[in-house]
Each structure stands twice: as C-alpha cells, then as structure tokens.
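Visitor: I am new to this structure and would like to know what stands behind the terms used for it. Please show it to me, and then I will ask.

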Amino acid sequence: MARPVQYNTKVKTVEIPEGYSGEGFFATSFDKAIGLARKNSIWPLPFATSCCGIEFMATMASTYDLARFGAERMAFTPRQCDLLMVMGTISKKMGPVLRQVYLQMAEPRWVMAVGACASSGGVFDTYSVLQGIDQVIPVDVYVPGCPPRPEAIIDGFMRIQDLIGQESLRRRHSDKYKELLNSYGIQ
C-alpha cells in the first residue's frame, strides 16, 4: 500500500565549513564558524515608506516566509538589529533620519536597498526625493524592481547571507572599511 504522505526529496542542507574532521570531532577556523552562525540568525530592521513595504509584508507572510532563512525576529529598534532593509521612497528630509537609524545599529551591520526608489530614486526624479540611499549610507545589496516581487526580496536576502558568511571578523577593522565609512562622514 502506498503511503499518503509525500516526502520532500529536494531538501538542501547547509554545507559545513572547511576544516578537519575525525572520529567524534570537527575543527574549523573561528571566522567560518562565526560566519555560519551570523548568516543564519539575521535580525532585520524594516524601514518601509512606500509600496515596497507592502511587498515586504507579503515576503514575511506564510506564502514566502522569510523566517525560513533565519530572519525569524523582526525588530523595530536599531540597537538590536544587524540588517537595515530600506524599502520605498526616501525624501531628502528623511535622509538624516535614515542615517541616524544606521548609526544607532551596532557593528556588524548590513544594508539592503529594496526597490527602485531606495536604489535610485525610482520614477521620482524631483528636488525632494533622494536619488538612492547610497548618498547617505553605504549599501551592501540592491534589490531591483518597482515594487520587487517577494522572490526578489528573498534573493537579495540570500545575497546578504552570502556576504555575511564569507566576511572576515577583522574586515570591519580594516583600513578599507574605515575609508568607506569616512567617505560617508561616519567615524
């Protein structure tokens, strides 16, 4: 008799980091272990101002469920988050507020610009709209679309996970990173 339950045979598991293994032990570098833990436990801070925020709500809902990727906890306080997801139109008056939120986040922190408005100003080429949030804060991943589909937001989130997993623990203390922050006027 055939079983009524179908099993998912396409399960993808996380690859173990490079290292040495033996009977009953596994050794790897500290960077790789921390990277694996960080990339699978991201706490996003949604900064949604327009229609991209609605698509993000769909991404968090049960159909797409961003929590499957380790983003279970949405936080609306910058001091507890490590990923700033900027979604929607940012006016020039909102630029200093966005920068303040970014500065209140603890290191390490990452930024994802979701949608055409956050990435480049979108169709709003006016005096009052910021033409991309990279004029105010550094951006790690850009997600295209107007508004982007939930699949695109998930893809951008997976790109952030790839960056986090490969990042060295000392990268944030490097001269190149300090130069990047200095170019934005951040000490």
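Visitor: What makes aspartate 162 count as buried, partly exposed or exposed?

Guide: Aspartate 162 has a relative accessible area of 34%. Buried means under 20% relative accessible area, exposed over 50%, and partly exposed in between, with a 1.4 Å probe and protein chains only. Aspartate 162 is therefore partly exposed. Before going on, note that this is a predicted model, in which local features need pLDDT of at least 70 and side-chain atom pairs count only at pLDDT 80 or more, while totals for chains, interfaces and linings use all residues. Residues are numbered from 1 along each chain as its sequence is written, and side-chain values use heavy atoms, with hydrogens and water left out.

Visitor: Why is the pair of arginine 159 and aspartate 162 called a salt bridge?

Guide: Their closest N and O atoms are 2.8 Å apart. A salt bridge is a side-chain nitrogen of Lys or Arg within 4 Å of a carboxyl oxygen of Asp or Glu, so this pair qualifies. Both residues are in helix α5 (residues 150-166), three residues apart, which means that about one helical turn separates them. Helices here are DSSP runs of H or I with at least four residues, strands are runs of E with at least two, and both are numbered from the N terminus. Salt bridges with shared partners join Asp155, Arg159 and Asp162 into one network.

Visitor: How many salt bridges are found in the whole structure?

Guide: The search finds four. One of them pairs arginine 149 with glutamate 151, at 3.4 Å from N to O. Another joins glutamate 107 and arginine 109, with the closest N and O atoms 3.5 Å apart.

Visitor: How do you know whether arginine 109 is buried or exposed?

Guide: Its relative accessibility is 7%.

Visitor: Which residues of α2 and α5 meet?

Guide: Glu55, Phe56, Ala58 and Thr59 in α2 meet Pro150, Ile153 and Ile154 in α5, where contact means heavy atoms within 4.5 Å.

Visitor: What makes the cysteines listed by UniProt gather at one spot?

Guide: Under "binding site", an unreviewed UniProt entry lists Cys51, Cys52, Cys117 and Cys146. They span 96 residues in sequence, yet no two of their C-alpha atoms are more than 9.9 Å apart, so they gather at one spot. UniProt positions follow the numbering used here, feature names are shortened, and annotations may be inferred rather than shown by experiment.

Visitor: Are cysteine 52 and cysteine 146 buried or exposed?

Guide: Cysteine 52, in helix α2, has 3% relative accessibility and counts as buried. Cysteine 146, in the loop between β6 (141-143) and α5, has 56% and counts as exposed.
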